[in-house]
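Subject: Structure handover

Hello,

Please find the structure below, followed by notes on what was found in it.

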Amino acid sequence: MAKTDPGPLIGAHMSIAGGVFNAVLHAETAGCRCVQLFVKSSNQWRAKPLTDDDIKQFKEERKRTKIGPAVAHSSYLINIATPDKALFEKSREALKVELERCNILGVEYLVFHPGAHVGSGVEAGMKRIADGMNWVLDCVAETDCMLLLETTAGAGSHIGSRFEELREIIDKLEQPERVGVCVDTCHIFSAGYDIRTQAAYKKTMKEFNDILGYPLLKALHFNDSKFDLGTHKDRHEHIGKGFIGKDGFGFFMRDAKLKTVPKLLETPKDPEGKNDKMNLALLRKLAKSK
Ligand code: MN
Ligand code: MN
Ligand code: ZN
């Protein structure tokens, strides 16, 4: 049994330069069990259509490597919380296109940032997020890919730094069963949720469970933070080298309720992929330590 244990469900965000299948190959090289990728360029609105080869290669590599789940991260330009009508419509259209691409590729989850209300108020922003999501889910009716709302650090007018806000958005959805949550460790910590000690971790996760519930937690972004608790700054650091520290990640790694939840690094990269290997090795060690 021990010999066939594939180890913890950890992975990293990987580049799709040269084709989406490359994310799977990079994941394999780094020793990942799961992977995150962009399904189009993350800083452009335009999306070049996926070719039959793109789709075939991606699916073949996933089948061969057994890497999964695959989690897509949406473009950073998307803001469905915006009061700007043109940007709202452009954003929901872009999110729809990304969900369609995930569906074609057989990607299991599409993570997106709830968005910024830009001075129009949290309530109005949450209403638009739910409206945008309802529209997208209505447009892309036939897919198993779930939309995941990512927790945010709460910089500026970004919505989603409190679990209550995500709950309120989900309560406005017509098809909530197609939606989940992605917890980013750097973001929640920076938003004020402490996870540095066993007691703090328990308190934060109890709050998550009371407000959202463990079953909604479909993915974790594993990032340490360059800034301290409650600073609302979103700057990722290597595991154990930031203000969270390695203990915090150990609590997540050893939480039996999170065993099947993919844990994905979004930590700084280097050309040789050494950083990912270093962070993944530390996470494997933390999974076993007490
Ligand atoms: Mn994100
Ligand atoms: Mn993240
Ligand atoms: Zn971040």
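R162 counts as partly exposed, because its relative accessibility is 32% (buried means under 20% relative accessible area, exposed over 50%, partly exposed in between, with a 1.4 Å probe and protein chains only). R162 forms a salt bridge with E164, and the closest N and O atoms of the two are 3.8 Å apart. A salt bridge here is a side-chain nitrogen of Lys or Arg within 4 Å of a carboxyl oxygen of Asp or Glu. E164 is partly exposed as well, with a relative accessible area of 36%.

Some notes on conventions before the rest. This is a predicted model, in which local features need pLDDT of at least 70, side-chain atom pairs count only at pLDDT 80 or more, and totals for chains, interfaces and linings use all residues. Residues are numbered from 1 along each chain as its sequence is written, chains are lettered from A and ligands numbered from 1 in the order in which they are written, and side-chain values use heavy atoms, with hydrogens and water left out.

Salt bridges

Side chains of opposite charge can pair when their charged atoms come close. The structure holds 15 salt bridges. One of them joins E108 and R62, at 2.9 Å from N to O. That pair links distant parts of the chain, 46 residues apart: E108 is in the loop between helix 3 (85-105) and strand 4 (109-112), and R62 is in helix 2 (residues 52-65). Helices (H or I, at least four residues) and strands (E, at least two) are DSSP runs, numbered from the N terminus. E108 counts as partly exposed at 28% relative accessibility, whereas R62 counts as buried at 13%.

K269 and D276 form another salt bridge, with their closest N and O atoms 2.5 Å apart. K269 is partly exposed, at 45% relative accessibility, while D276 is buried, at 4%. There is also a network of salt bridges that links E28, E61 and R64.

Manganese ions

Which residues coordinate the manganese ion (ligand 1)? They are H73 (NE2), H113 (NE2) and E150 (OE), at 2.1 to 2.2 Å. Donors are N, O and S atoms within 2.8 Å of the metal (3.2 Å for Na, K and Ca); water is not among the atoms, so sites may look incomplete. Along the chain, the donors of ligand 1 follow the spacing H-x39-H-x36-E. H73 lies in strand 3 (residues 70-73) and E150 in strand 5 (residues 146-150), so the pair ties together parts that are 77 residues apart in sequence. Both H73 and E150 are buried.

E150 bridges the manganese ion (ligand 1) and the manganese ion (ligand 2), which lie 3.3 Å apart. H221, in strand 7 (residues 217-222), and E266, in the loop between strand 10 (263-265) and helix 9 (274-288), are 45 residues apart and link distant parts of the chain. H221 is buried, with a relative accessible area of 0%, and E266 is buried with 15%.

Aromatic pairs

Rings of Phe, Tyr and Trp (its six-membered ring) pair if their centres lie within 6.5 Å; planes under 30 degrees apart count as stacked, over 60 as edge-to-face and the rest as tilted. By this rule there are 7 aromatic pairs. The rings of F163 and Y193 have centres 4.0 Å apart and planes at 15 degrees, so this pair is stacked. F163 is in helix 5 (residues 163-171) and Y193 in the loop between helix 6 (185-191) and helix 7 (198-211), 30 residues apart. F163 is buried, with a relative accessible area of 1%, and Y193 is buried with 3%.

Y201 and F251 form a tilted pair, 5.8 Å centre to centre with 40 degrees between the planes. Y201 is in helix 7 and F251 in helix 8 (residues 246-253), 50 residues apart. Ring pairs link Y201, F222, F249, F251 and F252 into a cluster.

The protein as a whole

There are 9 helices and 10 strands in the protein. Of its 290 residues, 54% count as buried. The C-alpha atoms fill a box of roughly 50 × 45 × 35 Å, taken along the principal axes.

Regards
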